[in-house]
Amino acid sequence: MSFTGPAEDRLAIRELLETYADAVTRLDADAWIATWAEDAEWSLPDYPELGTTHGRPAIRAMWVEAMKGYPGIMFEAWPGAIEVTGDTAVVRSYTAEVYDQNGQTHRDRGQYDDTLVKIDGRWLFRSRSFRNIHRQIQPKGA
């Protein structure tokens, strides 16, 4: 994978990733779910208890519940590859998260493999699949 397709689409997709990350950090469910297509699918194979969720309402509900376990999260995302073909795109992106949980600081890094669709001139996530790359847990203050 590489960076292909019109520059304006690749920029808009980068901004979609940034909007998603900003919404996670602010715990803003409305802004976060607005990055997803109505018929979206979210897969979390490293979290079998969550599995795959289909459709915007179900994805939003699952995210709201899951985020209760990530107080004070700082979430960043950046693209590793963006391939645009017409009104669809395939994207690989990386994430870095820092949050406190049970007196410990967690630093997680992961990878999303995504398909996007352009609807009414706006890029949205059609499917996202997340895998962990690295997890670090340290006692608070260490």
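This is a predicted model: local features need pLDDT of at least 70, side-chain atom pairs count only at pLDDT 80 or more; totals for chains, interfaces and linings use all residues.
Me: How do you know how many helices and strands the protein chain has, and what pattern do they follow?
Reply: Helices (H or I, at least four residues) and strands (E, at least two) are DSSP runs, numbered from the N terminus. By that criterion the protein chain has three helices and seven strands, and along the sequence they follow the pattern β-α-α-β-β-α-β-β-β-β.

Me: Why is the protein chain called as compact as a globular protein of that length?
Reply: The radius of gyration is taken over C-alpha atoms, and the globule rule is 2.2 Å times the number of residues to the power 0.38. For 142 residues the rule gives 14 Å, and the radius of gyration of the protein chain is 15 Å, close to that value, so the chain is as compact as a globular protein of that length. Along its principal axes the C-alpha trace spans about 50 × 30 × 25 Å.

Me: What makes strand 4 and strand 5 a pair, and how do they run?
Reply: Two strands pair if DSSP finds at least two bridges between them. Strand 4 (residues 74–85) and strand 5 are joined by 11 bridges and run antiparallel, with W78 opposite Y94 in strand 5. They form a hairpin with two residues between them, and G86 in the turn has a positive phi of about 65°.

Me: How do you know that strand 5 also pairs with strand 6?
Reply: Strand 5 and strand 6 run antiparallel and are joined by 14 bridges, and A89 stands opposite L116 in strand 6. Two residues separate the strands of this hairpin, where N102 in the turn has a positive phi of about 55°.

Me: Which strands pair with strand 2, and in which sense, parallel or antiparallel?
Reply: Strand 2 is joined to strand 7 by four bridges in the parallel sense, with S127 in strand 7 as the bridge partner of E41. Strand 2 also pairs with strand 3 (residues 51–54), in the antiparallel sense, over four bridges, and there the bridge partner of S43 is T52.

Me: Why is H134 called partly exposed?
Reply: Buried means under 20% relative accessible area, exposed means over 50%, and partly exposed lies in between (1.4 Å probe, protein chains only). H134 has 39% relative accessibility and therefore counts as partly exposed. H134 lies in strand 7, and, not counting residues up to four places away in sequence, H134 touches R107, D108 and R109, where contact means heavy atoms within 4.5 Å.

Me: What makes up the lining of the largest pocket, by class of residue?
Reply: Ala, Val, Leu, Ile, Met, Phe, Trp, Tyr, Cys and Pro count as nonpolar, Asp, Glu, Lys and Arg as charged, and the others, Gly among them, as polar. The lining divides into 17 nonpolar residues, one polar and three charged. A pocket is an open set of points on a 1 Å grid over the protein atoms alone, where a 1.4 Å probe fits, with protein on both sides within 12 Å along at least five of seven lines, and lining residues have an atom within 4 Å of a point. The largest pocket has 21 such residues, of which W42, L44, M67, Y70 and E97 lie nearest its centre.

Terms used:
Residues are numbered from 1 along each chain as its sequence is written. Side-chain values use heavy atoms; hydrogens and water are left out.
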